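My entries are below, in the order I looked things up.

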Amino acid sequence: MTKKLAVRTAVVVLGLGAVIGSAPAFALTSSTAGSTAFTSTTSATDDTMNVSDTSADSRAAYGQYKRQANAGTTLNLWNKSGSGTTVSASDGSRIFTIRACRQEQWDSDTCAGWVA
């Protein structure tokens, strides 16, 4: 009886350790005029970057993001497909920060602040 109780306790403790010790997956979202960038979780080790063009303004929408696999590199995902469309990219690692941007024709691009 004591041996069964010890085994049950060990299983519960190990199970809780696995749940508590695992990194939770959070979706990130960033928006600015004409652009929304957001992540979706593909698997425990991979996120998908998504960029939606939210305005019929003849300007491209894009998202900037950083992945754990190359944390020092800012990546860009462009959506030049027009208003109401979304483009996606996934390459096998977690995304830890993003921001939405809109291409401006005669000025610096408009970008939201970084979201982590």
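**Entry 1: Arg 94.** I started with Arg 94, which counts as buried because its relative accessibility is 14%, under the 20% cut-off. The model is predicted, so I kept in mind that side-chain atom pairs count only at pLDDT 80 or more. What does the side chain of Arg 94 meet in a salt bridge? I found Asp 47, at 3.0 Å from N to O. The pair links distant parts of the chain. Arg 94 sits in the loop between β6 (86–90) and β7 (95–102), while Asp 47 sits in strand β3, 47 residues apart. I then checked Asp 47: buried or exposed? Asp 47 is buried, with a relative accessible area of 2%.

**Entry 2: Asp 46.** Next I looked at Asp 46, in strand β3 (residues 46–53). Asp 46 also counts as buried, at 11% relative accessibility. I noted that its side chain reaches the backbone nitrogen of Ser 93 at 3.4 Å. I listed the residues that Asp 46 touches, leaving aside those up to four places away in sequence. Among them are Arg 67, Asp 91 and Arg 94. Thr 41, Ser 90, Gly 92 and Ser 93 are on the list as well.

**Entry 3: Arg 67.** That list sent me to Arg 67 and Asp 91. Their side chains meet in a salt bridge, 2.8 Å from N to O. Arg 67 lies in strand β4 and Asp 91 in the loop between β6 and β7, so this pair ties together parts that are 24 residues apart in sequence. Arg 67 is buried, with a relative accessible area of 1%.

**Entry 4: the salt-bridge count.** How many salt bridges does a search of the whole structure find? I get 6. One of them joins Arg 102 and Asp 57, at 3.1 Å from N to O. Arg 102 is in strand β7 and Asp 57 in the loop between β3 and β4 (61–67), 45 residues apart. I checked both partners: Arg 102 counts as buried at 14% relative accessibility, and Asp 57 counts as buried at 15%.

**Entry 5: strands.** I turned to the strand pairing. Strand β1 (residues 29–32) runs antiparallel to strand β2 (residues 35–43), and 4 bridges join them. Ser 31 stands opposite Thr 36 in β2. β1 and β2 form a hairpin with 2 residues between them. I noted Gly 34 in the turn, with a positive phi of about 85°. β2 also pairs with β3, in the antiparallel sense over 8 bridges. Here Ser 35 stands opposite Asp 53 in β3. β2 and β3 form a hairpin too, with 2 residues between them.

**Entry 6: rings.** I searched the whole structure for aromatic pairs and found 1. Tyr 62 and Trp 78 are stacked, 4.2 Å centre to centre with 25° between the planes. Tyr 62 lies in strand β4 and Trp 78 in strand β5 (residues 75–79), so the pair ties together parts that are 16 residues apart in sequence. Tyr 62 is buried, with a relative accessible area of 5%, whereas Trp 78 is partly exposed at 33%. Which residue lies over the face of Trp 78? I found Lys 80, at 5.2 Å from the ring centre. Lys 66 lies over the face of Trp 114, at 5.5 Å from the ring centre.

Definitions and conventions
Residues numbered from 1 in each chain as written. Predicted model: local features only at pLDDT ≥ 70, side-chain atom pairs only at ≥ 80, totals over all residues. Heavy atoms only, no water. Buried < 20%, exposed > 50% of the residue type's maximum accessible area, 1.4 Å probe, protein only. Polar contact = N/O pair within 3.5 Å; in protein donor to acceptor, adjacent residues only side chain to side chain. Contact = heavy atoms within 4.5 Å. Pairing = 2+ DSSP bridges. Salt bridge = Lys/Arg side-chain N within 4 Å of Asp/Glu carboxyl O. Phe/Tyr/Trp six-rings, centres within 6.5 Å; stacked < 30°, edge-to-face > 60°. Lys NZ or Arg CZ within 6 Å of the ring centre and 35° of its normal.
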